[in-house]
Amino acid sequence: MRNVTIRQLRTIEAVCRLGKINLAAAELGLTGPALTLQIQQLERDAGVALFDRGREGMVPTGFGLAFLEAARSVEDSLSALEESISAMKGLRKGRLRLGVVSTGKYFAPQLIAAFRKHAPSIEINLFIGNRAEIIQKLRDHEFDIALMGRPPRDFEVRSQVFGDHPLVFIAPADHPLAGVLDISRERIAEEQFLVRERGSGTRISLEIFLSAVPRRLEDLGTEMGSNETIKQAVIAGLGIAFISAHTIEQEVKLGRLVILDVVDTPIRRQWFSVSRRDRSFNPAMQAFERFLLTEGARHLPVVAKPYPANAFG
């Protein structure tokens with residue numbers, strides 16, 4: 001394998017991504033036969049089949065996926081090398097591919113704007129998606145850094161805390177529990193919940209919180225695909241929700257939503273910056289990590305749990 005070339009690895013990556021010889025060849029500026037010969041030569045050298053050929057196209061085998069992982073690691077290393085050389089030359093330029101879970105979209109623009117004041121020459125490409133999408137793209141080397149509530153556990157990552165992530169119960173302003181103090185876990189469990197998809201961080205935290213209430217998890221509530229949909233449904237009176245406090249700053253200020261005073265809440269989780277452990281840190285990644293560590297928490301929304309005016313009178 002020491003004789004494998006970068007061109008061959010890029011060929012494998014293009015075929016895996018596009019699934020067709022002709023599409024990969026066009027992207028790489030080769031003819032179809034020339035690209036096929038490259039793959040066949042690599043398969044002979046490795047002594048394994050890298051693709052299953054079928055009517056639907058080229059599907060990577062387990063060996064092919066191993067080569068794909070190597071190709072992406074090599075590209076990451078080359079990018080890091082290029083940016084390190086630029087930094088040593090004093091150019092101080094770079095590019096950061098940043099993934100953010102959907103809950104983070106409420107603070108990510110402000111965070112990026114603040115960072116750009118420190119490093120105006122670093123270009124940031126931002127992608128926002130649900131937790132499963134962000135983890136998959138991080139696994140596939142499509143991000144340099146991802147911001148999320150819980151680091152993945154099924155592959156090796158580096159993680160760093162940069163701020164608190166409080167989770168709260170919310171209701172419309174005219175809800176019977178609005179303004180009630182010390183609502184018990186059993187009482188809140190009687191309500192109709194609006195919840196995110198399975199596997200989301202807030203849903204997992206809600207399931208843990210309600211797990212002590214008998215049979216409550218058997219029918220947790222109505223599932224909705226985004227925090228925005230959940231907020232609008234709560235405002236409309238369709239139920240209550242357990243949600244990140246960072247997503248409701250404006251609605252609370254406008255009086256459209258209230259935070260319920262449930263015992264043992266807010267549940268305090270944390271925000272993490274996450275990168276692959278096998279990923280070389282380039283100067284842009286180093287600069288962003290330093291910024292998050294020293295200033296990231298300052299740019300997170302702050303929503304305090306309100307109490308009625310007569311609570312302590």
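View 1. Grid points are joined across faces, edges and corners, and a volume is the space filled by probe spheres set on the points. This is a predicted model, in which local features need pLDDT of at least 70 and side-chain atom pairs count only at pLDDT 80 or more, while totals for chains, interfaces and linings use all residues. Residues are numbered from 1 along each chain as its sequence is written, and side-chain values use heavy atoms, with hydrogens and water left out.

**View 2. The largest cavity.** Its volume is about 250 Å³. The lining (residues with an atom within 4 Å of a point) comprises 18 residues, with Val101, Thr103, Ser200, Gly201 and Thr202 nearest the centre. Two or more lining residues come from each of strand 6 (157–172), helix 8 (201–210) and strand 11 (267–276); helices (H or I, at least four residues) and strands (E, at least two) are DSSP runs, numbered from the N terminus. Helix 8 contributes the most, with 3 residues.

**View 3. The second largest cavity.** This cavity has a volume of about 40 Å³. Leu194, Val195, Arg196, Thr202, Arg203, Leu206, Ile230 and Phe242 line it.

Technical notes
On a 1 Å grid over the protein atoms alone, a cavity is a set of points where a 1.4 Å probe fits but cannot get out, and a pocket is an open set with protein on both sides within 12 Å along at least five of seven lines; lining residues have an atom within 4 Å of a point.
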